[in-house]
Amino acid sequence: MKLIVTFSRKAGKKPIIAQVVRETGVLINVERAQIDSSEGEALIDIPDETCSVVKERLSELGASVRVLEDVISLDENRCVDCGACISICPQEVFSFDENWKLVVNGERCVLCGRCIEICPQRALSQKGEG
Amino acid sequence: MEKTIDLIRERIRDGNARVVTAEEMPLIVDELGEEGALHEVDVVTTGTFGAMCSSGAFLNFGHADPPIKMERVWLNDVEAYGGIASVDAYIGATQKSTTREARYGGAHVMEDFVSGKAVELRALSTGTDCYPRRNITTELLLENLNQAIMVNPRNGYQRYNAAANSTDRALYTYMGMLLPNCGNITYSGSGLLNPIMNDPSFRLIGSGVPAFLCGAPGMVIGEGTQHSPAGGFGTLMVTADMKEMSPDYLRAATMTGYGVTLYVGLGIPIPVLDTETVRSTAVRDEDILVDIIDYGIPSRSRPALRKVSYAELKSGAVELHGEEVRTSSLSSYRRAREIALTLKTWVGEGKIELALPTRRIDTTRSAHPLRETVQGPRVLDIMDRKVISIGQDEEIRSAAQKLLKGETNHLPVIDESGKLVGIVTTYDISKAVVNPGKATRVRDIMKKRVITTTMEEPVDIAVRKLEKHNISALPVVDREDRVIGMLTAMNLGKLFGGRWLK
């Protein structure tokens, strides 16, 4: 399961993800992170059953946590099943079914945004951002 | 045995014709043999759906009152060519909007028309005795036009080379996004369903032959522009009435970093007259080979990385330099298949009537490159021949002195043999001064990845490098990587007012 963790760094550079790993023993996989001087956002992947404990501990340490679910939205009316998105996705989110229809496996997405940028039909967007 | 077109037409009329798609044909030939397949199958339908930039439409708007000779014409701010009589224009698919740039273009105007949306026509004129009006603005629906006739100069490429990128930067091309270090391969085309691939000798595809075009019954006009059948890259010029088209098979698209294009659906039914037709329509993806071209080389003659079949491309991954590289199609095989199936119904129902070419298409031609009589500027024409360089073991301080003395901002760094190994800029030195760390020598602060140019390189290519990498100078190197000049943003000033602008 993927979580988006946002944290402020104004109170100091606390290694909160490392701390959660040590305390909970959960192996957290950081898939993407963007951290500047005042705040940071990390996309982490954890085993489903550890979700509540990790989420709770991160929140206690001052981070805000959001579960990431099917974030990529495909406009079926716009998509023509060309497949331009397939090979550029680092997470292999896209594939064809046996009838050459595009299949989106959104759980793997790490929100890099590349597919949204290059879709020739502009059929892909981030959910909630239209 | 041979069959006549009349026999096939008669079978269609009587409801006895067997019409199959080009995808079904190889299996039928496997099962029945060539003679058996000739006996059994009357028509093979084909289809392709992909980006075809060379598309557009002739539009006739009707006369205004008072009348205007529309000299310059815009549709939703996309300029259409108005140099044809007074109220005709040709809207080309790749023309960009003057207000929305790459996000909207001629292809979008065409899709909006076909989708039933209103499009704003704006036109200007100098005014004449017979056409006194000087400007007009009005909203039009497709049904308000007298004619909207799609005429695509170059569609249905027989096959198209696949694309990859060997450089260390992502490229945004008309072949889509190409990841660095050959990280992906893109291709276009429907392979065994491709119309010309099913009749590569143009025995049955030619002028006057019926076609499916963007959902409308249309026609092949003849050879397309850049038609190059000798090398296996034939093209077709096709036409149909836009008023009968469907947005399912006519789609505006934007290739990020390249611009607007139009996805066109095209299919041609092929009457099976003899065993040669049986053989050509039994073509398989395995038989159709293309090169994987390296788009990292900014030249017309880009090198081929390897040959590949459509079967490999469609499998989703291709081996390149010993690694499995994922592929992306840019055309839609699903829609290509739908087109072939729709054509099957059309032929069966008599919606289009089969015909033989009224004029054959040339099968020997090959397209040649542009004849250029005036050579554009090359790096050697404007580069600085005075090069101030520095060794990698010298102190940062002496680099600063050299920069000051040479009145330059860039110092190429060379090794003992004179080869380029890095570059130091005034910025790098300022940084080293502001954050004094362990760095004492040039090698500690130099950038090792240097973007270079050569004397023979066209200036436009060098400028593209400056822009893409956000830098302001390129060392000019020879074959041995020795620095023989510098090209800086300042040198580009020589292009203005000089002989290159005449």
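I take helices (H or I, at least four residues) and strands (E, at least two) as DSSP runs, numbered from the N terminus. The model I consulted is predicted: local features need pLDDT of at least 70, side-chain atom pairs count only at pLDDT 80 or more, and totals for chains, interfaces and linings use all residues. Residues are numbered from 1 along each chain as its sequence is written, while chains are lettered from A and ligands numbered from 1 in the order in which they are written.

**Entry 1. Confidence**

I looked up the scores of the predictor. The complex has an ipTM of 0.83 and a pTM of 0.85.

**Entry 2. Chain B as a whole**

I found 11 helices and 31 strands in chain B. The C-alpha trace of chain B spans about 95 × 70 × 40 Å along its principal axes. Chain B is divided into domain 1 (56-150) and domain 2 (379-501), with bounds that come from an automatic or database domain assignment. I noted 50 Å between the C-alpha centres of domain 1 of chain B and domain 2 of chain B.

I then looked up burial. A residue is buried if 20 or more other C-beta atoms lie within 10 Å of its own, exposed if 12 or fewer, and partly exposed in between, with C-beta atoms placed from the backbone. Of the 502 residues in chain B, 42% are buried. For contacts (C-beta atoms, placed from the backbone, within 7 Å) in chain B with a separation of 6 or more, I noted that 68% link residues 24 or more positions apart.

**Entry 3. The cis peptide at P66(B)**

I found a cis peptide bond between D65(B) and P66(B), with omega about -5°. P66(B) sits in the loop between β4 (56-60) and β5 (72-75) of chain B.

**Entry 4. Positive phi values**

D77(B) is not a glycine, yet its phi is positive, near 70°. I located D77(B) in the loop between β5 and β6 (78-84) of chain B. D77(B) counts as partly exposed because it has 15 C-beta neighbours inside 10 Å.

N181(B), also not a glycine, has a positive phi of about 50°. N181(B) belongs to the loop between β15 and β16 of chain B. With 16 C-beta neighbours inside 10 Å, N181(B) is partly exposed.

I examined helix α3 (residues 106-114) of chain B, where eight of the nine residues are buried. Among the buried residues are H108(B), M110(B) and E111(B). After α3(B) comes G116(B), with a positive phi near 85°.

A nonpolar core is a set of buried Ala, Val, Leu, Ile, Met, Phe, Trp, Tyr and Cys residues joined through C-beta atoms within 7 Å. The largest such core has 124 residues, and M110(B), L262(B) and C85(A) are among those that touch the most other members. The largest share of this core, six residues, is from α6(B). Another core, of 24 residues, lies apart from it and includes I390(B) and L474(B).

Leaving out residues up to four places away in sequence, I found that L262(B) touches M52(B), S55(B), A93(B), A107(B), M110(B), L250(B) and A252(B).

**Entry 5. The contact between the chains**

I found 23 residues of chain B in contact with 16 residues of chain A. On the chain B side, the elements that give two or more residues are β15 (176-178), β16 (185-187), β20 (250-255), β26 (323-329) and α6 (333-349). That side has nine nonpolar, 10 polar and four charged residues; Ala, Val, Leu, Ile, Met, Phe, Trp, Tyr, Cys and Pro count as nonpolar, Asp, Glu, Lys and Arg as charged, and the others, Gly among them, as polar.

**Entry 6. Strands of chain A**

I treat two strands as paired if DSSP finds at least two bridges between them. Strand β1 (residues 2-8) of chain A is joined by seven bridges to strand β3 (residues 39-45) of chain A, and the two run antiparallel. K2(A) has D45(A) as its bridge partner in β3(A). Strand β2 (residues 29-35) of chain A is antiparallel to β3(A), with six bridges, and R32(A) stands opposite L43(A). A hairpin of three residues joins β2(A) to β3(A).

Technical notes. Contact = placed C-beta atoms within 7 Å.
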